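This briefing concerns helix packing and aromatic pairs. Please keep the sequence and the model in view while reading.

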Amino acid sequence: MSTQAATADAVPTKTPLLKSRLGSFLAVVPLSIWVVNHLWDNLSAFNGAAAWEKSVTTYANPYSQALTFLIVMLPLLFHTGWGLVRLFSFRPNNNRYNNYGNLKYLLQRVSALGVLAFLGAHIWLAFLHPRLVEGHPEPFIDIAREMHFHGPTLVVYLLGTLGTSYHLANGLQGFAMGWGLLASERAMRRFEPLSIIIFLLLTAMSWSVIYALYTAGGALGPAA
C-alpha cells in the first residue's frame with residue numbers, strides 16, 4: 001500500500017493516459033528547466049544590483065522577453081488547469097491508509113494550492129505589474145528592501161519557494177512513474193533519495209537567493 005497513492009497520482013483512473021502524460025510532461029520539462037534557470041540567474045544577487053538586473057530583468061530585445069513569457073505561461077496555464085481538475089477529484093484516504101506514500105500524495109496536493117497562489121502573486125508583482133503599470137522592470141533595490149523590511153514578503157517567499165521545491169521534486173517521481181520510467185516498487189524506492197536531494201538543492205538555491213536579497217536590503221536601508 002505504500003505506493004498506492006503515488007501510482008494513482010501518476011496515472012489517475014479518471015484521466016486519459018495521453019492527457020495525463022501530456023500534463024505531466026508540461027509540468028516537468030519546460031517548467032522545471034525554467035525554475036532551475038530562474039533560480040540560477042537570481043543567485044547573481046550575491047554580486048550586487050547591476051549583476052542581478054542584468055541576469056534577471058534584462059532581455060536582449062522585446063521579442064525574447066515575450067517568448068520567454070510564453071514558454072513559461074502557456075505550460076503553466078495548461079498544468080494549472082490540468083491540476084485543478086485532478087484536485088477536485090482528489091479524495092484523501094490518510095485516515096484509512098496512514099503511510100508514507102499517502103502522506104506524499106496529500107502534501108503534493110496541498111503544496112499545489114500554495115504554489116499556485118505564490119506563483120500568481122510573484123508573476124504579477126515581480127514581472128507584470130512593474131512592466132505594465134510602472135513602465136520598467138522591478139529594480140533590485142525594491143525587491144531587496146521589501147525582502148528585508150517587510151516581514152510578510154519574507155515569509156511568503158520562504159514558504160512559497162519551499163512548496164515549489166517540494167512540488168517539483170516530488171512531481172518528478174510521478175512523472176517518471178507515469179511515463180513508465182519507474183515500473184516497480186524497487187525502482188521507486190531507489191529513486192526516493194534522488195527526489196529528496198533535488199528538493200534539498202532547490203530549497204538551498206531558493207533560500208540562498210532570499211538571503212542575498214535580504215542582506216542587500218539591510219545594507220541599502222529602508223526607503224525614504
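Axes here are lines fitted to C-alpha atoms, for helices over the stretch in contact, and angles run from 0 to 180 degrees between N-to-C directions. Helices (H or I, at least four residues) and strands (E, at least two) are DSSP runs, numbered from the N terminus. The model is predicted: local features need pLDDT of at least 70, side-chain atom pairs count only at pLDDT 80 or more, and totals for chains, interfaces and linings use all residues. Residues are numbered from 1 along each chain as its sequence is written, and side-chain values use heavy atoms, with hydrogens and water left out.

**Overall make-up**

- The protein chain has eight helices and zero strands, and its elements run α-α-α-α-α-α-α-α from the N terminus on.
- Of the 224 residues of the protein chain, 41% count as buried (under 20% relative accessible area; exposed is over 50% and partly exposed in between, with a 1.4 Å probe and protein chains only).
- Contact means heavy atoms within 4.5 Å; among contacts between residues at least 6 apart in sequence, 78% join residues at least 24 apart.

**Helix 6 with helix 7**

- Two packed helices are described by the angle between their axes and the distance between the axes.
- Helix 6 (residues 140-149) and helix 7 (residues 151-178) have axes that come within 5 Å and cross at roughly 95°.
- Helix 6 is therefore roughly perpendicular to helix 7 (angles of 65 to 115 degrees; under 35 counts as roughly parallel, over 145 as roughly antiparallel and the rest as oblique).
- On the side of helix 6 the contact is made by Ile143, Glu146, Met147 and Phe149, and on the side of helix 7 by Gly151, Thr153, Leu154 and Tyr157.
- By class, this contact of helix 6 with helix 7 has five nonpolar, two polar and one charged residues; Ala, Val, Leu, Ile, Met, Phe, Trp, Tyr, Cys and Pro count as nonpolar, Asp, Glu, Lys and Arg as charged, and the others, Gly among them, as polar.

**Helix 5 with helix 7**

- The axes of helix 5 and helix 7 are 8 Å apart, and the two helices pack at an angle of about 130°.
- Helix 5 and helix 7 are therefore oblique to each other.
- The crossing of helix 5 past helix 7 is left-handed (the near helix is turned anticlockwise from the far one by less than a right angle; clockwise is right-handed).
- Residues of helix 5 in the contact include Lys104, Val115, Phe118 and His122, and those of helix 7 include Val156, Tyr157, Thr164 and Tyr166.
- The contact of helix 5 with helix 7 comprises seven nonpolar, eleven polar and one charged residues.
- Thr164 is placed in helix 7 and is buried, with a relative accessible area of 15%.
- Leaving aside neighbours within four places in sequence, Thr164 is in contact with Val115 and Phe118.
- Ala121 lies in helix 5 and counts as partly exposed, at 34% relative accessibility.
- The C-alpha atoms of Ala121 and Val156 are separated by 9.9 Å, and these residues are 35 apart along the chain.

**Helix 7 with helix 8**

- The axes of helix 7 and helix 8 come within 9 Å and cross at roughly 155°.
- That makes helix 7 roughly antiparallel to helix 8.
- Helix 7 and helix 8 cross in a right-handed sense.
- Their contact divides into 17 nonpolar, seven polar and one charged residues.
- Met177 lies in helix 7 and counts as buried, at 11% relative accessibility.
- The C-alpha atoms of Met177 and Ala187, ten residues apart along the chain, are separated by 9.5 Å.

**Aromatic pairs**

- A pair of aromatic rings is described by the distance of the centres and the angle of the planes.
- Rings of Phe, Tyr and Trp (its six-membered ring) pair if their centres lie within 6.5 Å; planes under 30 degrees apart count as stacked, over 60 as edge-to-face and the rest as tilted.
- By this rule there are four aromatic pairs.
- One of them, Phe118 with Tyr157, is edge-to-face, at 5.4 Å centre to centre and 90° between the planes.
- This pair links distant parts of the chain, with Phe118 in helix 5 (residues 100-134) and Tyr157 in helix 7, 39 residues apart.
- Phe118 and Tyr157 are both buried.
- The rings of Tyr166 and Phe199 have centres 6.1 Å apart and planes at 85°, so this pair is edge-to-face.
- Tyr166 in helix 7 and Phe199 in helix 8 (residues 185-220) are 33 residues apart, and their pair links distant parts of the chain.
- Tyr166 counts as buried, at 18% relative accessibility.
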